[in-house]
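User: I'd like a close look at one part of this protein, with enough of the surroundings to see where it sits. Here it is.

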Amino acid sequence: MVTSILSVLSISVYALIDPGSTLSYITPFIASKCGKLPELLRQPLEVSTSVGESVVVRQVYRGCDVMIHDHHTLANLNELEMIEFDVIMGMDWLASFMLRWIVGGKLFVSTFREILLLDVRAMF
């Protein structure tokens, strides 16, 4: 896991980049500032938190612009009440711009910027 300041919908946010999370999330407070309308999920999701609680997620903000190291990416951000972070960027977002391959039994991760490559490798 890595923490960082990202720009989400032109708002600077404190982010957790978590490859252990399948999906990406945004707090209702930050979501209310972005001017984007949420979409109701066809089927609500039950999300387990790091403290062992379960929370139901009912809304998603699709196609949110996330800027990292001067590169624009898109993310679907599910609305989730949380205190420590403004957003959690999960594997759905990471997989959208990462290239992974295995050579000689070692996992290599390549991204569009070397600095991110170093941070991501530290996660595995």
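Leaving aside its neighbours within four places in sequence, which residues is Val-8 in contact with? Please walk me through that part and whatever it leads to.

Analyst: Happy to. Keep in mind that this is a predicted model.

Let's start with your residue. Once you set aside neighbours within four places in sequence, Val-8 is in contact with Val-13, Ile-26, Asp-65, Val-66, Leu-77 and Val-87. Val-8 also shows up, along with Ile-26, Met-89 and Trp-93, among the residues with the most contacts inside the largest nonpolar core, which has 23 residues.

Now for the strands around your residue. Strand 1 covers residues 2–8 and pairs with strand 2 in the antiparallel sense, over 7 bridges. Within that pairing, Leu-6 stands opposite Val-13 of strand 2, and Val-13 is one of the contacts of Val-8 mentioned above. Strand 2 itself (residues 11–17) is mostly covered, with 5 of its 7 residues buried.

The hairpin has 2 residues between the strands. Leu-9 sits in that loop, and its phi is near 50°, a positive value in a residue other than glycine. Ser-10 is found in the loop between strand 1 and strand 2 as well, and it also has a positive phi, near 65°. Ser-10 counts as exposed because its relative accessibility is 68%, over the 50% cut-off.

Next, follow the chain to Thr-27, in the loop between strand 3 (24–26) and helix 1 (28–33). Thr-27 has a relative accessible area of 5%, and since anything under 20% counts as buried, that's what we call it. The side chain of Thr-27 reaches the backbone nitrogen of Ile-30 at 3.2 Å. Not counting residues up to four places away in sequence, Thr-27 touches Leu-80, Met-82, Phe-85 and Asp-86.

Glu-46 has 62% relative accessibility, so it counts as exposed. Leaving out residues up to four places away in sequence, Glu-46 touches Ser-54, Val-55 and Val-56. With Ser-54 there's a polar contact of 3.2 Å between the two side chains. Val-57 is 11 residues from Glu-46 in sequence, yet their C-alpha atoms are 6.2 Å apart in space.

Stepping back to the whole protein, there are 3 helices and 9 strands, and from the N terminus on the elements run β-β-β-α-β-β-β-β-α-β-β-α. Buried residues make up 39% of the 124 residues. If you look at contacts with a separation of 6 or more, 47% of them come from residues 24 or more positions apart. The accessible surface comes to about 7500 Å², and 54% of that belongs to carbon and sulfur atoms.

The mean pLDDT of the protein is 81, with 77% of its residues reaching 70 or more. Confidence is highest in strand 3, at 97, and lowest in helix 3 (residues 114–123), where the mean is 44. Over residues 113–124 the pLDDT stays under 50, though the model does have 21 contacts beyond four places in sequence for them. Where pLDDT is low, the predicted coordinates should not be read in detail.

Conventions:
Residues numbered from 1 in each chain as written. Predicted model: local features only at pLDDT ≥ 70, side-chain atom pairs only at ≥ 80, totals over all residues. Heavy atoms only, no water. Buried < 20%, exposed > 50% of the residue type's maximum accessible area, 1.4 Å probe, protein only. Helix = DSSP H or I, 4+ residues; strand = E, 2+ residues; numbered from the N terminus. Pairing = 2+ DSSP bridges. Contact = heavy atoms within 4.5 Å. Polar contact = N/O pair within 3.5 Å; in protein donor to acceptor, adjacent residues only side chain to side chain. Areas by Shrake-Rupley, 256 points an atom, 1.4 Å probe, with all protein chains shown as cover. Core = buried A, V, L, I, M, F, W, Y, C linked by side-chain atoms within 4.5 Å. pLDDT = per-residue confidence, 0-100.
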